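Please open the model in a viewer and keep the selection tool at hand.

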Amino acid sequence: MKKFDVIIIGGGFLGLSTAYHLSKAGVKTLVLDKGDLGGGTSAACSGRAQVCEGHLDPLNLMLIKEGLKRHETLEEELEMSYEWHRFGLFLIIRTEELWRRWQERSEILTKSGIPTEVVDRAALQRAEPAMNTEGLLGAAYSVEGLLNPLLFTRAYARAAERYGAEICSHAEVIGMEVQNGQVTTVRTAKETYAAGAVAVMAGAWTPVVTRLAGVEVPVRHTHAEALVTEPLPPVIHNTIELSDFYETIHGKQQAVAIGFGPEPNGTLVITEAVTMTDRLHQGVSHWGLSNIAVEMIRLFPFLAKTRVVRSWGRPTSFTPDEEPIISWAPQVRNLFIATSMVETITAVPLVSEWMALMMRRETPPVDMDRYSLARFAGGWSWH
Ligand SMILES: Cc1cc2nc3c(=O)[nH]c(=O)nc-3n(C[C@H](O)[C@H](O)[C@H](O)COP(=O)(O)OP(=O)(O)OC[C@H]3O[C@@H](n4cnc5c(N)ncnc54)[C@H](O)[C@@H]3O)c2cc1C
């Protein structure tokens, strides 16, 4: 039986980036993914390194600021381009209440080193002349990052392999053996591996996988549908999203909240129609795609005759308090769990470095207790 110091279950952003740092530190690492690398949610996302929509606590603000900085040199470090560039973001404001809230948020963000400002409708119209701004008060503006998510997963995977990590796609983990409070083996249909430690970084599938080791985690998911258009002339100049994107979708059985932006090749990636479901799948619906189109055409009427070339759906996980879980499991001593980050792309260059330290039983430079599973020890409720 092959033995590894660490077996990572999940070959998305979190699993592959952590495998890179572990193998770089000389840790014998195996990554197992049930499908293609990035084929869960990572490679199917919009590729935005978001900066201003998440939690405003000092830890998250620091992850955003430092994560962005890491991206500036990460392509060189990983020896592969993932098409990183900075890009403007307008978060559309439709109500007085959102205007007030974004003024407050902008102040906090700017003071923390993430420059953000609220601009009025006239300024928004000047920046995006093709937009129908009728009924809008303005927008919050910031500069975030944009990358190609498929290349980002590949860059981490290749760099991890260069340092000796073994990475197996199409290797679904179907069993784990637990003895005396420790996982001893991890099983796929073809092989059984001995494990010093196991990291479950399986995105929305995390509860299904941790259950194989008898561990329950409070993680649920929404199913998000997205589409990409044919290449368009350069008429839209920034990423554009609702300023209440997350509130619009949270806790709803079905909702559409648009967020979209032009890709370097001129196509427009448009997200998302969201359904609350227990089913983990990759499908799209007539309801979802047609409602995304209605919202888009309301904002940019010239898109009415645009062709959609592809659509897809993917699950996105969340926890009861909408903070990530990055933690050893209290019940199984060598089982590490990481899932449900909000600004995943922005934070992952830094967080993966810290997760690799934690997995080596070293202390990360910053207290990560906020993300510990222990916070749910007294129970939890879903809203
Ligand atoms: C439409 C859409 C747009 C998004 N846009 C953005 C964005 O612009 N910016 C951003 O930061 N975030 C975005 N997100 C969220 C982002 O994609 C996720 O936060 C991120 O991909 C999660 O990465 P992960 O590594 O935790 O999970 P995943 O990428 O889902 O990786 C988990 C992996 O585990 C594997 N797995 C599951 N079960 C098993 C098993 N039994 N055995 C082996 N492997 C298993 C899966 O195949 C999967 O590849 C978006 C999400 C969606 C749906």
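Begin by selecting Ile240 and then Phe260, its bridge partner in strand E13. Before going further, note that this is a predicted model, in which local features need pLDDT of at least 70, side-chain atom pairs count only at pLDDT 80 or more, and totals for chains, interfaces and linings use all residues. Residues are numbered from 1 along each chain as its sequence is written.

**Stop 1**

Select residues 239-242, which form strand E12. Strands (E, at least two residues) and helices (H or I, at least four) are DSSP runs, numbered from the N terminus. Thr239 and Glu241 lie on one side of E12, Ile240 and Leu242 on the other, and all four are buried. A residue is buried if 20 or more other C-beta atoms lie within 10 Å of its own, exposed if 12 or fewer, and partly exposed in between, with C-beta atoms placed from the backbone. In a regular strand the side chains alternate between the two faces of the sheet.

Two strands pair if DSSP finds at least two bridges between them. Ile92 has Leu242 in E12 as its bridge partner.

**Stop 2: the two domains**

Colour domain 1 (3-46 + 150-219 + 321-376) and domain 2 (86-144 + 220-318) separately; these bounds come from an automatic or database domain assignment. Their C-alpha centres lie 30 Å apart. Eleven residues from domain 1 and twelve residues from domain 2 take part in the contact, where two residues are in contact if their C-beta atoms, placed from the backbone, lie within 7 Å.

**Stop 3: the ligand**

Which residues are the closest to the ligand? Select Gly10, Gly12, Gly40, Ser42 and Gly203, the closest of the 39 residues that surround the ligand. A residue is near a molecule if its C-beta atom, placed from the backbone, lies within 6 Å of it. Helix H1 supplies the largest share of this shell, three residues. The shell around the ligand lies between domain 1 and domain 2, because both give residues to it. By class, the shell has 15 nonpolar, 17 polar and seven charged residues. Ala, Val, Leu, Ile, Met, Phe, Trp, Tyr, Cys and Pro count as nonpolar, Asp, Glu, Lys and Arg as charged, and the others, Gly among them, as polar.

**Stop 4: the nonpolar core**

Select Ile7, Ile9, Val198 and Ala199, which touch the most other members of the largest nonpolar core, a set of 107 residues. Such a core consists of buried Ala, Val, Leu, Ile, Met, Phe, Trp, Tyr and Cys residues joined through C-beta atoms within 7 Å. Helix H9 gives the largest share of this core, nine residues. Centre the view on Val198; among the residues it touches are Ile7, Ile9, Met176 and Val186.

From there, select Met176, which stands opposite Val186 in strand E9. Strands E8 (residues 173-179) and E9 (residues 182-188) run antiparallel and are joined by six bridges. They form a hairpin with two residues between them, and Asn180 in the turn has a positive phi of about 50 degrees.

**Stop 5: Lys28**

Finally, select Lys28, in the loop between helix H1 (13-24) and strand E2 (29-32). Is Lys28 buried or partly exposed? Lys28 is partly exposed because 16 other C-beta atoms lie within 10 Å. Lys28 touches Phe4 and Asp5, not counting residues up to four places away in sequence.
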